[in-house]
Structure formats: C-alpha cells, structure tokens
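Consider the model shown here, taken first through one of its helices and then as a whole.

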Amino acid sequence: LTLDIETAPNKGLVWGLWNQNISLSQLLESGYMLCWAAKWTHEKRVYSRSKGDKDFLTCLHALLCDTDVVIHYNGTKFDMTWINSEFILAKLPPPSPYKQIDLLRTVRSQFRFPSNKLDYVAQALHIGHKTKGMNMEDWKGCMDDDPKAWSKMLKYNKMDVRLTEELYFYLLPWIPNHPNSSLYNQFDGRDEGMGCPKCDSKDIIARGNYQTN
C-alpha cells in the first residue's frame, strides 16, 4: 500500500518571523491531518479521504490492517506518526502489523543528489513531478473549508501517491532489506517456488553463493 498524507500547520501567536521559540501558551490550535491518499500496487484506484468524512480514519485503519507493507516517502518519521496520533486520539487500536519501506531512507543511503526531496529525485530520474502551483493559500483554504482549495489539495495528495509508487518501482533493485515478495506470494497462495526477493520475478540466474549472518 503506497500512502501519503497532508497536514494543517499549527496556529500560534508570534513576536517575530525568524528563529522563534514558540511556547505552549502561544499555541492557539494544533496541527492536524487534512487528508490522506493510498493506492494498492498494480491497481488503478487511489483511495482518498479528507477531514470531515465519516470514515476519514476508519477507512485508513482498515487499509493498514489489510496490508503487509506500507510504501511512503519520509513516512517513518512523518506520515505514520501523524496517522498513529490520529488513531489514538480517536480511540482506535493499533492496526495489524505491517512493514514499512521508506523511499527517502533508500535515497539518502544509496545516492547523493543535491536534494533528497521527492519532487527533485523524481524529476532527476525522469519519472515525473509533483503537482505544480501549490502554496500556503491552498492549505489556508482547506482550513477555511473552501471547496476549490479542497479539490486542489486532494488532487495534489493523490498525485504524490502515484509519484511515490512510480519511484518505488524505479528504486526497487536498490532498496536494502526489502521484504521478500516471493514469500508473501507463496503465503497468499498466488504462486509456487522462489523468485526474486524484491519483484518476485522467476527470471533469475544463479551467480554464486551469499552467506547470511
């Protein structure tokens, strides 16, 4: 399951615009999850929900309970911790266990690009780019419940998911410690015999031995 979220900023009272330390007494409103988008690999449909939808969190919770692996970009520290915070505040239990593939960690550990941002890496590899023209006014519009801003934000969120999935397939041979896809397919009853541990291809060639720890 490829996943991405968008969040609202905190609101606060500040004395300046640079290098400020904001105390809790200056915090007017905490940030929150605006929307999320998710997509099963090899399927066209992109699931999406926004704040205020009746199944905003329950739908996402169900998807996470169904998946073996979550694919994201900087999701280990950002997306998944935001989601878990929303779940516990809504008194939802932890989802069923899943593994995580954070493509930002792959990019940082395997390559040296001038920037590790999703948009830069995707364009450098000629995969695509994020939705153009997004700015703070769009986030403010969603917080003010502007329908046009919401429409733009949801399209932006869905595009990030599609772009992340494309990058995942491109980076697949480079991802260290990738969950063994061949084993998952055997457990699901979809396949027999071992294949490539990353893409499950049976077009493999024996080239020596590799000793595990």
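The bend at a residue is the angle between axes fitted to the seven residues ending there and the seven starting there. Helices (H or I, at least four residues) and strands (E, at least two) are DSSP runs, numbered from the N terminus. This is a predicted model, in which local features need pLDDT of at least 70, side-chain atom pairs count only at pLDDT 80 or more, and totals for chains, interfaces and linings use all residues. Residues are numbered from 1 along each chain as its sequence is written, and side-chain values use heavy atoms, with hydrogens and water left out.

Helix H2 covers residues 75-89. With 1.5 Å times one less than the number of residues as the expected span, its 15 residues should span 21 Å, which agrees with the 19 Å between its end C-alpha atoms. At Thr81, H2 bends by about 25 degrees. Just after the helix, Lys91 has a positive phi of about 60 degrees.

Buried means under 20% relative accessible area (1.4 Å probe, protein chains only). In H2 this holds for Gly75, Asp79, Met80, Ile83, Glu86 and Phe87. Their cover includes strands E1 (2-7), E4 (33-39), E6 (69-72) and E7 (99-102), together with helix H1 (56-66).

The protein has seven helices and seven strands, in the order β-β-β-β-β-α-β-α-β-α-α-α-α-α. Its C-alpha trace spans about 65 × 40 × 35 Å along the principal axes. Of its 213 residues, 40% count as buried. Contact means heavy atoms within 4.5 Å; among contacts with a separation of 6 or more, 62% come from residues 24 or more positions apart.

Note on methods: Buried means under 20% relative accessible area, exposed over 50%, partly exposed in between (1.4 Å probe, protein chains only).
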